[in-house]
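Here is a short briefing on one protein chain. The points below are grouped by topic, for reading alongside the sequence and the 3D view.

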Amino acid sequence: MKKIIIAIDGVSSGGKSTMAKDLARELGYIYVDSGAMYRAITLYALKNGLIKDKGVDTDTLKSKMDTISITFSFNPETGRPDTFLNGENVETIIRGMEVSGYVSKVSALDFVRKAVVVKLQEMGKEKGIVMDGRDIGTVVFPEAELKIYLTASLEVRARRRMEELIAKGTPSSYEEVLENLISRDALDMNRTESPLRKADDAIVLDNSDMTIEEQKKWLLEQYKRAAGK
């Protein structure tokens with residue numbers, strides 16, 4: 001079958017990353033977590049005092065964008081890529097609640113999105129890639145052969161997020177996680193620059209009540225249809 005670009009967009013904690021990683025491994029494709037790039041930039045801003053009570057110091061962050069290096073390296077222990085910020089492995093810390101609390105604000109900045117989109121598009125030039133995020137099928141790769149829009153109920157997403165945090169040793173209360181998801185959904189869907197929305201030709205999947213195996217089977221069917229054209 002021909003190599004294609006697979007774009008997976010959707011709401012926070014809907015299972016995009018897990019789905020995309022598993023599918024990429026199954027197909028022998030490259031996986032790129034666009035959200036990790038925005039999280040890494042958010043972490044950079046936090047570490048350098050560019051996020052305060054009044055918001056993001058956009059002028060300084062914009063001037064520092066060229067000094068921010070984000071790379072990915074395969075971790076043989078987890079079987080998945082780790083995110084590196086200026087040479088430091090930040091995979092665990094960028095998934096914490098502090099970064100989660102600010103990432104939607106940072107990712108809404110036009111200069112941040114434009115810089116990330118350029119890097120993502122470079123990664124997909126050779127195709128054979130699975131990428132997940134908020135605007136992959138609408139902005140980054142509007143020509144992607146397969147576009148999935150993933151969603152799930154708010155309650156299911158909050159539970160998944162809690163389980164993820166517990167597994168990484170950073171547990172939080174259900175109420176805190178729920179509030180964070182509601183806030184992120186609102187920011188992602190209503191921002192001016194590349195808001196979260198379903199591409200006109202994307203296939204919607206609500207995986208609230210699906211098992212991993214059911215989801216995997218459904219995805220492979222969609223892939224075979226798209227790659228076989």
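The largest nonpolar core has 36 residues. Those with the most contacts inside it are Ile 41, Leu 61, Ile 68, Leu 85, Val 112, Leu 120 and Met 131. The model is predicted: local features need pLDDT of at least 70, side-chain atom pairs count only at pLDDT 80 or more, and totals for chains, interfaces and linings use all residues. Numbering starts from 1 along each chain as its sequence is written, and side-chain values use heavy atoms, with hydrogens and water left out.

**Nonpolar cores**

- A nonpolar core is a set of buried Ala, Val, Leu, Ile, Met, Phe, Trp, Tyr and Cys residues joined through side-chain atoms within 4.5 Å.
- Buried means under 20% relative accessible area, exposed over 50%, and partly exposed in between (1.4 Å probe, protein chains only).
- In the core of 36 residues, at least two residues each come from β1 (5–10), α2 (34–47), α4 (97–107), α5, β8 and α6.
- Helices (H or I, at least four residues) and strands (E, at least two) are DSSP runs, numbered from the N terminus.
- The largest share of this core, 9 residues, is supplied by α2.
- Leu 61 has contacts beyond its neighbours within four places in sequence, including Ile 41, Tyr 44, Ile 68, Val 106 and Val 112. Contact means heavy atoms within 4.5 Å.
- Another core, of 20 residues, lies apart from it; Leu 23, Leu 146, Leu 220 and Ala 227 are among its members.
- In soluble globular proteins, nonpolar side chains tend to be buried together.

**Helix packing**

- The axes of α2 and α4 come within 8 Å and cross at roughly 105°. Axes are lines fitted to C-alpha atoms, for helices over the stretch in contact, and angles run from 0 to 180 degrees between N-to-C directions.
- α2 and α4 are therefore roughly perpendicular to each other. Angles under 35 degrees count as roughly parallel, over 145 as roughly antiparallel, 65 to 115 as roughly perpendicular and the rest as oblique.
- On the α2 side, the contact includes Tyr 38, Ile 41 and Leu 46. On the α4 side, Val 99, Tyr 102 and Val 106 are among the residues involved.

**Sheet**

- Three strands form an open sheet in the order β5-β6-β7, with antiparallel pairing. Two strands pair if DSSP finds at least two bridges between them.
- β5 (70–75) and β7 (88–89) are the edge strands, each pairing on one side only.
- β5 and β6 (residues 80–85) are joined by 6 bridges. Thr 71 has Phe 84 as its bridge partner in β6.

**Salt bridges**

- There are 11 salt bridges in the structure. Each is a side-chain nitrogen of Lys or Arg within 4 Å of a carboxyl oxygen of Asp or Glu.
- Arg 25 and Asp 22 form one of them, at 2.7 Å from N to O. Both sit in helix α1 (residues 16–27), 3 residues apart, which puts about one helical turn between them. Asp 22 is buried, at 17% relative accessible area.
- Arg 113 bridges to Asp 135, with the closest N and O atoms 2.9 Å apart. Arg 113 lies in α5 (residues 110–123) and Asp 135 in the loop between β8 (129–133) and α6 (136–140), so the pair ties together parts 22 residues apart in sequence. Arg 113 and Asp 135 are both buried.
- Arg 161 pairs with Glu 164 at 3.3 Å. Arg 161 is buried at 3% relative accessibility, whereas Glu 164 is partly exposed at 31%.
- Asp 33, Glu 91 and Arg 95 belong to one network, joined by salt bridges that share partners.
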